[in-house]
Amino acid sequence: MLSSSFDWSVKMWDLKKHTTPLLSLDSFEDYVLDVKWHPSHPAIFSAVDGEGYAHLWNLNRSTESAVARLQNPSAAQRRLALNRCAWSGDGRRLATGDSEGMVAMYTMDRSVWEPRSEDILQFKDFVGQLKPLPRAGAARPVPDEGVARPENPRSSVHPSVLESRAAMAASAYTRQ
């Protein structure tokens with residue numbers, strides 16, 4: 001499960017097993033108002049924020065930043081908050097809604113809506129290695145000697161995640 005928050009983060013949870021999140025993604029620059037998993041690619045989700053951006057994340061590629069940050073072309077000058085996002089049932093399109101009721105549609109690249117079997121296995125391995133984060137106010141455990149530490153101290157990144165900044169192709173058009 002994913003949650004969006006006014007603390008400028010998205011958190012990933014496994015509420016059947018843990019009462020604290022498994023991952024906290026803290027690279028947003030404003031309130032995160034909605035978040036949705038992609039319907040067919042297990043590592044991809046979208047999030048929308050108060051600055052008017054749609055963020056596309058692929059957790060197989062990075063837990064430090066979104067692979068794409070999209071702005072609604074018609075709302076760019078007005079800087080309207082995006083407060084909703086939704087994937088089409090087949091995952092080929094992402095719809096975002098702004099604070100004035102306008103909807104923008106983004107068409108996704110085939111690699112987004114048709115994941116390879118390697119993508120699915122990679123994400124299962126990634127999730128299997130996640131451990132619950134400490135409760136707020138609790139002391140964070142010190143990593144073992146020789147284990148890589150995250151570059152961003154605000155981020156909760158599992159050391160085994162390899163980062164790459166591959167761009168996710170998305171083209172935008174606006175529907176009124």
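Eight salt bridges are found in this structure, which is a predicted model. One of them joins the side chains of Glu29 and Arg69, with 4.0 Å from N to O. Because Glu29 belongs to the loop between S3 and S4 while Arg69 sits in strand S7 (residues 68–71), this pair ties together parts of the chain that are 40 residues apart in sequence. Glu29 is partly exposed, at a relative accessible area of 49%, and Arg69 is likewise partly exposed, at 39%.

Arg69 also meets the side chain of Glu51 in a salt bridge, here with an N to O distance of 3.0 Å. Glu51 comes from the loop between S5 and strand S6 (53–58), whereas Arg69 lies in strand S7, so this second pair links parts that are 18 residues apart in sequence. Through shared partners, the salt bridges join Glu29, Glu51 and Arg69 into one network. A further salt bridge is formed by the side chains of Arg116 and Asp119, at 2.9 Å from N to O. Is Asp119 buried or exposed? With a relative accessibility of 9%, Asp119 counts as buried, because that value falls under the 20% cut-off.

The strands come next. An open sheet of three strands runs in the order S1-S2-S3, and its pairing is antiparallel. Strand S1 (2–4) and S3 take the edge positions, each with a single partner strand, so that one side of each has no neighbour in the sheet. Direction ignored, neighbouring strands of this sheet are turned by 20° against each other on average. Between S1 and S2 the antiparallel pairing extends over three bridges, and Ser4 has Val10 in S2 as its bridge partner.

Elsewhere, strand S9 (residues 93–98) and strand S10 (residues 103–108) pair in the antiparallel sense over five bridges, with Arg93 standing opposite Thr107 in S10. S9 and S10 form a hairpin that has four residues between the strands, and Gly101 in the turn has a positive phi of about 90°.

In soluble globular proteins, nonpolar side chains tend to be buried together. The largest nonpolar core here has 17 residues, and those with the most contacts inside this core are Val10, Met12, Leu25, Phe45, Ala47 and Leu59. At least two residues of this core are supplied by each of strand S2 (10–12), strand S3 (23–25), strand S4 (32–37), strand S5 (44–49) and helix H2 (117–129). Which residues does Val10 contact, leaving aside its neighbours within four places in sequence? The contacts of Val10 are Leu2, Ser3, Leu23, Ser24, Leu25, Phe28, Val32, Val35, Phe45 and Ala47.

The protein averages a pLDDT of 77, and 75% of the residues score at least 70. Over residues 137–176, however, the pLDDT is below 50, although this stretch has 71 contacts in the model beyond near neighbours in sequence. Where pLDDT is low, the predicted coordinates should not be read in detail.

Conventions: Residues numbered from 1 in each chain as written. Predicted model: local features only at pLDDT ≥ 70, side-chain atom pairs only at ≥ 80, totals over all residues. Heavy atoms only, no water. Core = buried A, V, L, I, M, F, W, Y, C linked by side-chain atoms within 4.5 Å. Buried < 20%, exposed > 50% of the residue type's maximum accessible area, 1.4 Å probe, protein only. Contact = heavy atoms within 4.5 Å. Pairing = 2+ DSSP bridges. Axes fitted to C-alpha atoms, helices over the stretch in contact; angles between N-to-C directions. pLDDT = per-residue confidence, 0-100.
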